[in-house]
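I opened the file to look up strand pairing and ring contacts. My notes follow in the sequence I took them.

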Amino acid sequence: MLTIYTDGGNSAKNRVGGCAAVVTKNNVILAELVEVYEGDKVTNNTMELAGVLLAGQYVLDHPELGCDVTIVSDSEYVVKGASEWLHNWQLRNWKSTTGAVKNRELWQAIATLKQNLNMRFQWCRGHGDTTLNNRADELLVKAYSKLIKK
């Protein structure tokens, strides 16, 4: 089984953000992945979701690793959304109890990942003592900070 620590973050003032995923198997780091983004759609939540998509795509691109994945995230939005809310959103034609589902395209992509991978989601405290979640945060902040310095 793979355990992947994902994180996302942004600088709203500068309209930049990033996501990262630290891929592990048996407590050995296999890969550290990072992507950066710019624009109006860069929010903390979109970056958190992008981290899950980055992780999932990595697993799909490396079938030799298997399809059993635990995603560890410090985002309750990601963990609850993927574990509790996603199924009902799909049944309700992408409507939540408060209206249209925000970030629908990203959630649809996660739904597709879940059809192809055996994904579980686990929450951890951000900036706490989960070393590899902290590593993911460090990677993404370093990456998007380079965009600000341009």
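I started in the sheet, where alanine 21 stands opposite leucine 33 in E3. This is a predicted model: local features need pLDDT of at least 70 and side-chain atom pairs pLDDT 80 or more, while totals for chains, interfaces and linings use all residues. Residues are numbered from 1 along each chain as its sequence is written, and side-chain values use heavy atoms, without hydrogens and water.

I looked up the pairing of E2 (residues 16-25) with E3: antiparallel, over 10 bridges. Strands pair if DSSP finds at least two bridges between them; strands (E, at least two residues) and helices (H or I, at least four) are DSSP runs, numbered from the N terminus.

I then traced the open sheet of five strands, which has mixed pairing and the order E3-E2-E1-E4-E7. E3 (28-38) and E7 (118-123) are the edges with a single partner strand each, so one side of each has no neighbour in the sheet.

Next I searched the whole structure for aromatic pairs and found three. Rings of Phe, Tyr and Trp (its six-membered ring) pair with centres within 6.5 Å; planes under 30 degrees apart are stacked, over 60 edge-to-face, the rest tilted.

I noted tyrosine 77 with tryptophan 107 as edge-to-face, at 5.4 Å centre to centre and 75 degrees between planes. Tyrosine 77 is in helix H2 (residues 76-91) and tryptophan 107 in helix H3 (residues 104-116), so the pair ties together parts 30 residues apart in sequence.

Ring pairs link Tyr77, Trp85, Trp89 and Trp107 into a cluster.
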